[in-house]
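Trainee: I have a model open and some questions about it. Can we go through them one by one?
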Amino acid sequence: MSTTSPREVRGGCLCGVVRFLVTMPTLFCGHCHCSMCRRNHGAAFVTWLAVPSSQVSVESGSDVLTRYQSSEHGSRSFCSRCGSSLFCVSSLYPEIIDIPLANMDGPIDRLPASHLYFDDRASWTIVGDDLPCLGGPSGLEPTK
Ligand SMILES: [Zn+2]
Ligand SMILES: [Zn+2]
């Protein structure tokens, strides 16, 4: 990471049609091991950043963003041209958007701080860092 924290970082989908600008500061960054993230992204876990929705502007491709209601409270938006999963929002926290760190063009203002829903992780996932591993029903409670 650079020593100076960026003020704005752009991001986008694989095909480049969907482009967005995120204004710092973000609220949080962490690795989610829940089974929905795993299936939605085809990955062992998804590294999310959370940011107030007022600090996100979609600069292009909003017409190809498709929203999928993935749970009672959650919806996930993806690029209908290339399939990249982009935005996750919850009706419980409507003022916050989760964005995959991997879809950003470069480093943001913080590094991942913890593992979430760690007790839901894939059995073949091995984590070698020293970050806190949280779990339980909320995905945010300390685990042993
Ligand atoms: Zn795309
Ligand atoms: Zn998740």
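This is a predicted model: local features need pLDDT of at least 70, side-chain atom pairs count only at pLDDT 80 or more; totals for chains, interfaces and linings use all residues.
Mentor: Residues are numbered from 1 along each chain as its sequence is written, chains are lettered from A and ligands numbered from 1 in the order in which they are written, and side-chain values use heavy atoms, with hydrogens and water left out.

Trainee: Is His-115 buried or exposed?
Mentor: Buried means under 20% relative accessible area, exposed over 50%, and partly exposed in between, using a 1.4 Å probe and protein chains only. His-115 has a relative accessible area of 1%, so it is buried.

Trainee: Which residues coordinate the zinc ion (ligand 1)?
Mentor: Donors are N, O and S atoms within 2.8 Å of the metal (3.2 Å for Na, K and Ca); water is not among the atoms, so sites may look incomplete. Here the SG atoms sit at 2.3 to 2.4 Å. Along the sequence the donor residues follow C-x1-C-x63-C-x2-C. They are Cys-13, Cys-15, Cys-79 and Cys-82.

Trainee: What is the geometry of the site of the zinc ion (ligand 1)?
Mentor: Four donors count as tetrahedral if all angles lie between 85 and 135 degrees. The ideal angle for four tetrahedral donors is 109.5 degrees. The angles among the four donor atoms of ligand 1 are 104 to 112°, and the site is tetrahedral.

Trainee: Is Cys-82 buried, partly exposed or exposed?
Mentor: Take Cys-79 for reference: its relative accessible area is 0%, so it is buried. Cys-82 has 26% relative accessibility, so it counts as partly exposed.

Trainee: Which residues coordinate the zinc ion (ligand 2)?
Mentor: The donor spacing along the chain is C-x1-C-x2-C. The SG atoms lie at 2.1 to 2.3 Å. Both Cys-32 and Cys-34 are buried. The coordinating residues are Cys-32, Cys-34 and Cys-37.

Trainee: Which residues touch the most other members of the largest nonpolar core?
Mentor: A nonpolar core is a set of buried Ala, Val, Leu, Ile, Met, Phe, Trp, Tyr and Cys residues joined through side-chain atoms within 4.5 Å. This one has 19 residues, and those touching the most other members are Phe-20, Val-22, Ile-99 and Met-104.

Trainee: Which element gives the largest share of this core?
Mentor: The elements giving two or more residues are β2 (19-23), β4 (46-52), β8 (85-90) and β9 (96-100). The largest share is three residues, and it comes from β8.

Trainee: How far apart in space are Thr-26 and His-73?
Mentor: Thr-26 is in the loop between β2 and β3 (28-32). Thr-26 has a relative accessible area of 4%, so it is buried. In sequence, Thr-26 and His-73 are 47 residues apart; in space, C-alpha to C-alpha, the distance is 22 Å.

Trainee: How many helices and strands are there in the protein?
Mentor: From the N terminus on, the elements run β-β-β-α-β-β-β-β-β-β-β-β-β. That gives one helix and 12 strands.

Notes: Four donors count as tetrahedral if all angles lie between 85 and 135 degrees; four count as square planar and six as octahedral if opposite donors are over 155 degrees apart and all others between 65 and 115; anything else is irregular. Helices (H or I, at least four residues) and strands (E, at least two) are DSSP runs, numbered from the N terminus.
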